There are 2 protein chains.
Amino acid sequence: MSSEIGPDPATSTPARGPRPRALPDRILMGPGPSNCYPEVTAALGYPIVGHLDPEFLECLDDTGNRLRCAFQTTNLLTFPLSGTGSAGMEASFVNLVEPGDQVVVGVNGLFGERMCEVAHRAGAVVTRVDAPWGVPIDPERLLDAHPSPKVIALVHAETSTGVRNEIGDLARGKGDALLLVDAVTSLGGIEVAADSWGVDIAYSGTQKCLGVPPGLAPLTLSARAQERLVPRCQSWYLDLRLIAGYVESGTRVYHHTAPVTMVRALHAGLGVLIDEGLEATWARHAACGRLLQDGLEALGFTLFAPEGHRLPELTTVWVPERGFPSGLDEPEVRERLLRLYSIEIGNGVGEFAGRVWRIGCMGHTARERNVIMLLQALEELTGMGAA
Amino acid sequence: MSSEIGPDPATSTPARGPRPRALPDRILMGPGPSNCYPEVTAALGYPIVGHLDPEFLECLDDTGNRLRCAFQTTNLLTFPLSGTGSAGMEASFVNLVEPGDQVVVGVNGLFGERMCEVAHRAGAVVTRVDAPWGVPIDPERLLDAHPSPKVIALVHAETSTGVRNEIGDLARGKGDALLLVDAVTSLGGIEVAADSWGVDIAYSGTQKCLGVPPGLAPLTLSARAQERLVPRCQSWYLDLRLIAGYVESGTRVYHHTAPVTMVRALHAGLGVLIDEGLEATWARHAACGRLLQDGLEALGFTLFAPEGHRLPELTTVWVPERGFPSGLDEPEVRERLLRLYSIEIGNGVGEFAGRVWRIGCMGHTARERNVIMLLQALEELTGMGAA
């Protein structure tokens, strides 16, 4: 081996031993990740087990049970995919779409845009139904966009804008189309009713309202969609037929090594959700979102997402065009919020970078005390509310 | 919400509160995952940070530094991919191969087979160079298989057979071809010298010789390969151009939410590797492998992989055709090993299921005490060595 190759001592932290600095202890109020439930942090530290260990297989099966509860579904294939929420999006398209298939996508934010790109790479012919960022997608326009699409796709909770798109109205008119739903920022925070809404495939992420670190994409597939999987998926890693051979009880055909530690963390996070109760958890998110949104308006801020379509778990708010009374600019406020209060909030994306903030109250972060602390910190840093 | 949907109380463990049973404390001596270094378990419990937090970005950059050290490379694009080792394999092929491209793959085990399948799904025209499972691939045959392939691919350490394929001899004759190497079970356990071996893309897994849970695929890409990435990758999630925009310092264009907790765990595991030293860590794996292989032969077992081509970190051994002197059969021995000793070893795969065991000594598991304990347990359970 060459002794020249190695970490640069000028930029690297010491490899081992006590960490050189105190660990940051953040309140994560950006668009995700959120703070982990204590039960999740505990599960991350459990002694590791093998991916074929009876103890782990039981945990994996029970994680499927708990995900069925969270998605409100009886779908057999319901499991945590071994990648982040974006891997869930890609898995959903590449397993349902072959080159030339017609796909309708609602686009009113970054993740709708991403759906078009992912579908396009899978060979889909994409019909876009656009609405301005911040305006919900009209379900009728989505249903009328193409006479016989194979897939109709919509983001439930647009993380880029804080807007909720209505899924429940799509089932009636979807016909033979498969309904594909991005539930990354909705699952656990607001109602997701996969079965009664006629959803054929939905995916989520662990790091939003479930209070688990990022790294897995909970996914559920209807029996109807399972019958219409493409015969030859372009991806081996995300091939749901192959993955089903491992995750569905009984067979356990090796596909890839399941990320055991993250699965156990998700299992613990879902346990918190189920013990608190779905409705109680949604109510907690709703109460925090209302407190935050009312508080911001009381300080003189203008909310971005329109009334009636706002997500409680992700609030979007305009940065005042005239600047802040304190004289600090937008990046300075976020930098001081992080440095002085150890609170993270999110910048806007696309044309709204620097003009809109995205403030998350998800999972374990969704506590009134966090909202109160943030509002107080924002008042002090911005000078808003003093007039 | 429907009150009928929820975990089945007959099969589910209670969601929260004290766990109903003691946590298993396994010695993981299968083909992976291995036991985690204590520093890794500690890092999993750190308070979570955001994926754009300055503290995390520094950790991500330093993880790149540490991976460059482990791979012995100066490649700029060196980072942990957000999926397991198999995602690393898929990313390697879909970023280098377009439909119609010629790819040569050495196949002497399950993971060589998988490479063919993954390459095929990316549209490659695959030329296989087969050797029987357990026999190393002749480098000359690999180089002579096609006059001008775009990619030559080989598994360094075949996890299915415990055989080492020689990579170092391929650089001289590869010509314009890109050399793609699976280092899943080799990185950190035996030498991997990406630069001096002329490797253009290599990927690994965290759960083998790095002593970190499964979930990430360390990946390194040469400048030469970076210039020859396909113009349009079929995968959005695994698109190395897009990922580079986030992981390469400075730009930080959002692609997907990095799995922060697992990256910090990998950072900690690589810290252990670097503090112990690459050569010392390889020597520890070598010593444990030798002790195990000698011990098994002393008990009367026959090793599967041929002398001179055996991996120290993964030993393969025949289950005696005549059965064990104790009267237990093969599954019974592994079941009792797990239940009575809490030691996991691996079954063979494919035609060797039930006929060969795969015994790992990787990462934190690679300790002489574990080998001694396993040999003693096997002697007691099998009755081998008593004659």
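**Entry 1: strand β13 of chain A**

I began with A:Thr316, which stands opposite A:Arg358 in β13(A). I then found A:Gly346 opposite A:Arg358 in β13(A) as well. Before going on I noted that this is a predicted model, in which local features need pLDDT of at least 70 and side-chain atom pairs count only at pLDDT 80 or more, while totals for chains, interfaces and linings use all residues. Residues are numbered from 1 along each chain as its sequence is written, and chains are lettered from A and ligands numbered from 1 in the order in which they are written.

β11(A) pairs with β13(A) in the antiparallel sense over five bridges. Strand β12 (residues 343-347) of chain A is also antiparallel to β13(A), with two bridges. Two strands pair if DSSP finds at least two bridges between them.

Is β13(A) buried or exposed? Five of the five residues of this strand (residues 356-360) are buried. A residue counts as buried if 20 or more other C-beta atoms lie within 10 Å of its own, as exposed if 12 or fewer do, and as partly exposed in between, with C-beta atoms placed from the backbone. I listed A:Val356, A:Arg358 and A:Gly360 on one side of β13(A), and A:Trp357 and A:Ile359 on the other.

**Entry 2: strand β5 of chain A**

I checked strand β5 (residues 151-155) of chain A next. Five of its five residues are buried, so β5(A) is largely enclosed by the rest of the structure. A:Val151, A:Ala153 and A:Val155 point one way, and A:Ile152 and A:Leu154 point the other way. In a regular strand the side chains alternate between the two faces of the sheet.

Which strands pair with β5(A)? Strand β3 (residues 102-107) of chain A runs parallel to β5(A), over three bridges. Here A:Val103 stands opposite A:Val151. Strand β8 (residues 178-182) of chain A is also parallel to β5(A), joined by five bridges. A:Leu154 has A:Val181 of β8(A) as its bridge partner.

**Entry 3: the two domains of chain A**

I looked up how chain A is divided. Domain 1 takes in 27-34 + 278-382, and domain 2 takes in 38-276; the bounds come from an automatic or database domain assignment. Their centres, taken over C-alpha atoms, are 27 Å apart. The contact between them takes 26 residues from domain 1 and 25 residues from domain 2. Residues are in contact if their C-beta atoms, placed from the backbone, lie within 7 Å.

On the domain 1 side of this contact, α9 (278-298) and β11 (314-318) of chain A each supply at least two residues. α9(A) gives the most to that side, with five residues. I noted the make-up of that side as 13 nonpolar, 10 polar and three charged residues. Ala, Val, Leu, Ile, Met, Phe, Trp, Tyr, Cys and Pro count as nonpolar, Asp, Glu, Lys and Arg as charged, and the others, Gly among them, as polar.

**Entry 4: chain B against chain A**

I compared the two copies. Chain B can be laid on chain A with an RMSD of 0.0 Å by a turn of 180 degrees and a shift of 0.0 Å along the axis. The two copies are thus related as by a two-fold rotation axis. The superposition is by least squares on the C-alpha atoms of residues with pLDDT of at least 70 in both. Which residue of chain B comes closest to the rotation axis? I found B:Gly83, at 2.6 Å for its C-alpha.

In the contact between the chains, 72 residues of chain B meet 72 residues of chain A. α8(B) gives the largest share of the chain B side, seven residues. That side divides into 29 nonpolar, 26 polar and 17 charged residues. I also noted that 100% of the interface residues of chain B are interface residues in chain A, so the copies meet through the same surface.

**Entry 5: B:Pro213**

I located B:Pro213 in the loop between β9 (201-203) and β10 of chain B. B:Pro213 is buried, with 28 other C-beta atoms within 10 Å. Leaving out residues up to four places away in sequence, B:Pro213 touches residues that include A:Ile48, A:Pro259, B:Cys36 and B:Ala265. The C-alpha atoms of B:Pro213 and B:Tyr37 are separated by 9.7 Å, although these residues are 176 residues apart along the chain.

Technical notes
Two residues are in contact if their C-beta atoms, placed from the backbone, lie within 7 Å. Helices (H or I, at least four residues) and strands (E, at least two) are DSSP runs, numbered from the N terminus.
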